[in-house]
Amino acid sequence: MQKVLVSFRFFNEWIKFLKDNGLEVKAWDSPVPPSKIWIKENISDADGLLCSLVNRIDREVIDAAKKLKVISTFSVGYDHIDVNYAKSKKIRIGYTPEVLTDATADLIFGLILAVARRIVEGDRLIRFGKWNQPWTPDFMLGTEVNGKVLGIVGMGRIGKALIKRAKGFGMKVIYNSRTKKDVDAEFVDLDYLAKESDFVVLAVDLNPTTYHIVNKDFIEKMKRSAFLINASRGKVIDETALTEALKLGKIRGAALDVFEEEPISSDNPLIKLENVVLTPHIGSATYETRQKMAEVSVKNLLAGIKGEQMIYEL
Ligand code: GLV
C-alpha cells in the first residue's frame, strides 16, 4: 500500500477520499503545526506529502524522505518548500493557483475599502462605547476610492483580478512586474509606482527578489496620503520600517492580511495603531475556495503518486 503524509490539519472528508483511493494516510490533527522531527520521522517511508504553508519543507526534510515522489501543497505560495532541491531529487510539486484568485482579490478590495473608509475603526468606536456625538459633516472622514490610482506590485493571476475590480471602482491602475504584460493597465517602474499610487497593493510571491521589496526607501517615496495593502506574504514588507512610517504619519494607513511572523505576537506594535486594518491570513478563506483548494491539492497528490498529469504543477 502506498503511503501519504498529511502534515497539517486537513478536512476529514478529503482524508477519507485519499483512503478510499487505496492510500494509507498518516495525518497530523492539530491546528498547531507538527515539529520538524515529527515530519522527518513520518516522511521517511511516504510516497507523497500533502503540506501547507505552515510546514517548512527544506533540504533536511526532503533528505529524510526515502521514497517521496510528490509534494502537494494546499496553497498557491511555495516559499515554504525548497523547490529546486526537491526537483533535483526528482520529486514533483503540485500547488493550487487559479482557484483562489477571486477570493483573494475580493479580500484585497475589502481591505482597500476597510482602511480607506475606516470601516473597522468605526466598528471599534461603536463597540467600545465611544460613539457619543451626533452626526456632523466632518465626523470620521476617510479617503475616496473612486478616481484614485491603484499601484499593483506583481502582475500574475491576482494582479489581473485586481484590475477587473479596480475598473468597477473607477480607479486608474498602474503596475510593476518583472515583464510587461498584456493587461489594461500602465506598466511603470517601481519608483514611479511608489510615488504615484494612492493605494499600493502587493501581489507578488515571496522569493529572494521580492523579500522586503517594500522597505524604508520605498515607503519614503510614497505619498503621505497613500495606503499600503498586503495579502501576499509578510516578508515582502519590512514590517519594522512600515510600523515606524505609520507611527510618524509618513503614509496614511495600511491593511495587512499577512505578517513577518504568524500568528503575530500580542505585543506587535501594529496592533496599537488606529490607521491599520489587520486580518489573520484569510485571503483564500471562503468555504467555496477552500473546498476547491482541497480538491486540487488532493488530486495533484494522487496524480503525482500515480505518475499522471497534475492539475497544477510547478
Ligand atoms: C496562501 O497564503 C496561499 O499561498 O495559498
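**Briefing: strands, helices and a cavity**

Strand E6 (residues 149–153) pairs with strand E7 in the parallel sense, over five bridges. Two strands count as paired if DSSP finds at least two bridges between them, and strands (E, at least two residues) and helices (H or I, at least four) are DSSP runs numbered from the N terminus. This is a predicted model, in which local features need pLDDT of at least 70, side-chain atom pairs count only at pLDDT 80 or more, and totals for chains, interfaces and linings use all residues. Residues are numbered from 1 along each chain as its sequence is written, and side-chain values use heavy atoms, with hydrogens and water left out.

**Strand E7 and its partners**

- Tyrosine 175 in E7 is the bridge partner of isoleucine 152.
- E6, helix H7 (residues 157–168) and E7 form a right-handed β-α-β unit; right-handed means that, with the strands pointing away from the viewer, the path from the first strand over the helix to the second runs clockwise.
- E7 is also joined to strand E8 (residues 186–187) by two bridges, and these strands run parallel.
- Glutamate 186 in E8 is the bridge partner of isoleucine 174.
- Four of the five residues of E7 (residues 172–176) are buried, so this strand is largely enclosed by the rest of the structure. Buried means under 20% relative accessible area, with a 1.4 Å probe and protein chains only.

**The five-stranded sheet**

- Five strands form an open sheet in the order E2-E1-E3-E4-E5, with parallel pairing.
- Strand E2 (24–27) and strand E5 (92–94) are at the edges with a single partner strand each, so one side of each has no neighbour in the sheet.
- From one strand to the next, the twist averages 15 degrees.
- Strand E4 (residues 70–73) and E5 run parallel and are joined by three bridges; serine 72 has glycine 94 in E5 as its bridge partner.

**Helices on the sheet**

- Helix H1 (residues 12–20) packs on the sheet and touches strand E1 (3–6) and E2, its direction making about 150 degrees with that of E2.
- Helix H11 (residues 287–306) also packs on the sheet, touching E1, strand E3 (48–51), E4 and E5, and its direction makes about 175 degrees with that of E4.
- Contact means heavy atoms within 4.5 Å; axes are lines fitted to C-alpha atoms, for helices over the stretch in contact, and angles run from 0 to 180 degrees between N-to-C directions.

**Cavity**

- The structure holds one cavity of 30 Å³ or more, and the largest cavity has a volume of about 30 Å³.
- Residues lining the largest cavity include Asn230, Gly234, Leu242 and Glu260.
- A cavity is a set of points, on a 1 Å grid over the protein atoms alone, where a 1.4 Å probe fits but cannot get out; lining residues have an atom within 4 Å of a point.
- Grid points are joined across faces, edges and corners, and a volume is the space filled by probe spheres set on the points.

Methods. Buried < 20%, exposed > 50% of the residue type's maximum accessible area, 1.4 Å probe, protein only. 1 Å grid on protein atoms, 1.4 Å probe; cavity = no way out; pocket = protein on both sides within 12 Å on 5 of 7 lines; lining within 4 Å.
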